[in-house]
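I opened this notebook to record what I looked up in one protein structure. The entries are kept in the order in which I made them.

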Amino acid sequence: MGFSVSENNFLGKGVKLSSSIRLSETSVKGNFTVNNPNFNYTGRALNTNIESLTTDKLKDSGYKNTRTGVSIGTYFEEYENLYFSPKISVFSETIDTDSTASAALKKQAGTSFESKFSYALNYDLRDKSFRTTDGIKSVFSQTIPIFTDDAAITNGYEITKWHQFDNKITTDLGFYTRAIHSLNNKDVKLSSRLSLPKKRLRGFQTGKVGPSDNGDYVGGNYAMTLNFNSTLPMILPSFENIDFKYFLDVANLWGVDYSDTVDESSSIRSSTGVGISWFTPVGPLSFTLAKNLLKADGDKTESFQFNLGTTF
């Protein structure tokens, strides 16, 4: 379950503030973000994000993880329709384990410090960023270690194509992939391992898909999704502030670099369903009703999802 609050014109200067919190059975994540779209009148955005994540799995998996840090980045148009967004992040992480934790988790116990440089190249040909009806968006991203124990590098690519038909139905087809590897032959840290974004695989519980080590979902080294969405304007046509959509998600999360005995869980997952985005004065509300079509053993499903502050 997630909640967020935002202000899009702080002090009348166009500065955007947002804070959010996401709760689950075992974790609490909060963050505060400041986005100045025209920092010092340079035409470049300046973004600052402070976040903290606590994951408590002492009872089930023998560990507790606390991760706190800050990131600072910018965003600007380098060439026509091509946007560059570099960012530097600094985090401190503490992992506490007890006697029931796996050997791999015990090896990562203690406090560590990391700093990373990341960037994205965004080629954006959409007709508009909100309620897009036509165009294409292509993004390549990379995270490079500066100082960190696992020295892991992450590469990602995603592309989405929108098209609106004569009957006003708008469809989009998107592809998303990520891969992470250690550059010094060490295990990728637990907090750095990949998971599937909530909006990329609906109908499954976030963080409870993919490789599992003694019942603990440890994430993967590789992630990939294919997503199809279609608006259904013939349903509730008189409500302009409500979007009704159909979706189909296909995804996979696999790869375990720290053990040869843990199942890598390479298996196709898929789900279909409908969702409603309601744009209210207090922010967007989204409701999703999903049915999983394919799942792997151990994956946790979730037929109904609700979010405040995020769109469908």
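**Entry 1: the model.** I note that this is a predicted model.

**Entry 2: salt bridges.** How many salt bridges does the structure hold? I found 13 of them.

Arg67 pairs with Glu114, and their closest N and O atoms are 2.9 Å apart. Arg67 lies in strand E5 and Glu114 in strand E8, so this pair ties together parts that are 47 residues apart in sequence. Both Arg67 and Glu114 are buried. I also recorded that Arg67, Glu93, Glu114 and Lys189 are linked in a network of salt bridges.

Glu158 forms a salt bridge with Arg178, with the closest N and O atoms 3.0 Å apart. Because Glu158 lies in strand E10 and Arg178 in strand E11, the pair ties together parts that are 20 residues apart in sequence. Arg178 has a relative accessible area of 15% and is therefore buried, the limit being under 20%.

Asp124 forms a salt bridge with Arg126, the closest N and O atoms being 2.7 Å apart. Asp124 is buried, at a relative accessible area of 13%, whereas Arg126 counts as partly exposed at 22%.

**Entry 3: the second largest pocket.** I looked up the volume of this pocket and found about 240 Å³ of space. It is lined by 14 residues, and the closest to its centre are Lys107, Gln108, Asp149, Asp187 and Lys189. Strand E7, helix H2 and strand E8 each give two or more residues to the lining. The largest share, three residues, comes from E8.

**Entry 4: Arg202.** Is Arg202 buried or exposed? Arg202 counts as buried, at 5% relative accessibility. Its place is in the loop between strand E11 and strand E12. The side chains of Arg202 and Asp249 are joined by a polar contact of 2.7 Å.

Entry 5: Most residues other than glycine have a negative phi.

Asn81 lies in the loop between strand E5 and strand E6, and with a relative accessible area of 24% it is partly exposed.

Ser265 is found in the loop between strand E15 and strand E16, and it is buried, with a relative accessible area of 8%.

Technical notes: Residues numbered from 1 in each chain as written. Predicted model: local features only at pLDDT ≥ 70, side-chain atom pairs only at ≥ 80, totals over all residues. Heavy atoms only, no water. 1 Å grid on protein atoms, 1.4 Å probe; cavity = no way out; pocket = protein on both sides within 12 Å on 5 of 7 lines; lining within 4 Å. Points joined across faces, edges and corners; volume = space filled by probe spheres on them. Helix = DSSP H or I, 4+ residues; strand = E, 2+ residues; numbered from the N terminus. Buried < 20%, exposed > 50% of the residue type's maximum accessible area, 1.4 Å probe, protein only. Polar contact = N/O pair within 3.5 Å; in protein donor to acceptor, adjacent residues only side chain to side chain. Salt bridge = Lys/Arg side-chain N within 4 Å of Asp/Glu carboxyl O.
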